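Dear colleague,

Please find below the structure I am handing over to you. My notes on what was found in it follow directly after.

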Amino acid sequence: MEWASRQDLLETLKQGGTTSAVPAAAAADVALMQHQQLEQHESDRDSWKDLYRVLVTSLQQSSAQFQALTFEALTLGLWGLSSAHAERRDDIQGRALGLQDRALIKDFIYFAEWARAFEAGNTVQQLAQALCIPETAVVWYQPLSQPRRPAHLVAVDHSRRQLLLVVRGTSQLADVLADLVAHTSPLGPGQAHSGMLDCAAAIIQQCLPTLQQQLQQNLGYRVHCLGHSLGGGVAALAAYLMRNTAELRSKLGQASGVVATGFGTPPIMTKELADAASSYTR
């Protein structure tokens with residue numbers, strides 16, 4: 001059978017008919033596929049437009065706030081920060097983590113391997129090989145970042161009876177834009193980094209069905225959010241949202257057991273909010 005050219009096909013479809021060389025069913029399939037692709041492209045474009053608008057608004061707000069500060073105020077503020085961190089400790093409660101905390105150090109090393117596992121590759125097989133776990137342990141994997149959603153995964157850790165929600169640090173343009181949306185948004189008793197808070201909410205929304213299913217299949221397990229850099233900030237905010245949002249608590253059932261671990265976590269919340277979350281974040 002002699003097939004029509006792609007251009008002839010497109011022209012015919014635009015006119016609402018079919019070509020003589022292509023069966024009607026095939027033409028309908030092509031039209032449906034093109035329509036779905038167009039919708040996806042429009043959705044992606046709208047997501048980037050939304051992110052760009054938020055970024056511009058954030059930069060405008062930040063610029064206005066900085067312009068309102070005098071040189072003396074900036075100097076005094078930097079001196080205050082320096083004084084506050086002169087005797088910096090390793091956690092929000094001011095405890096020094098020494099070599100005597102061997103169990104805690106082992107935990108940090110173990111979870112650090114998970115936080116860097118994205119470097120292994122974009123497939124579940126590569127991830128599982130790097131972590132020495134069965135592929136079936138990874139129940140959700142988004143290897144590449146998208147607007148408002150950094151790369152992340154959900155895995156079942158039977159050795160510690162946990163569901164791990166792991167978020168990757170800054171690695172792509174979408175992550176950089178999320179970092180730059182640096183104005184604050186109200187959250188609980190304080191304020192949080194708006195870009196990372198938005199990422200945390202979007203990731204929870206995407207992973208919620210998977211978390212619900214796995215918690216039902218693995219009774220007694222708890223959710224452990226973790227990540228590095230951007231991922232650490234998003235993980236901490238995700239844990240706070242899951243613990244303090246009534247709707248999420250009701251859907252997850254065991255949300256009171258959610259904890260978070262961050263490596264190289266940036267300053268993403270005010271002290272009031274950090275104090276409120278200090279019992280389950282580190």
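Arg-148 is partly exposed, at 33% relative accessibility, where partly exposed lies between buried (under 20% relative accessible area) and exposed (over 50%), with a 1.4 Å probe and protein chains only. Asp-198 is also partly exposed, with a relative accessible area of 32%. The side chains of these two residues, Arg-148 and Asp-198, form a salt bridge at 2.8 Å, N to O; the term stands for a side-chain nitrogen of Lys or Arg within 4 Å of a carboxyl oxygen of Asp or Glu. Arg-148 sits in the loop between E1 and E2 and Asp-198 in helix H7, 50 residues apart. Helices (H or I, at least four residues) and strands (E, at least two) are DSSP runs, numbered from the N terminus.

Please note that this is a predicted model, in which local features need pLDDT of at least 70 and side-chain atom pairs pLDDT 80 or more, while totals for chains, interfaces and linings use all residues. Residues are numbered from 1 along each chain as its sequence is written, and side-chain values use heavy atoms, without hydrogens and water.

The structure holds seven salt bridges. In one of them, Arg-282 pairs with Asp-107, with the closest N and O atoms 3.8 Å apart. Arg-282 lies in the segment after helix H10 (271-277) and Asp-107 in helix H4, so the pair ties together parts 175 residues apart in sequence.

In helix H5 (residues 124-131), Leu-127, Ala-128 and Leu-131 are buried. Just after H5, Cys-132 takes a positive phi of about 55°.

Yours sincerely
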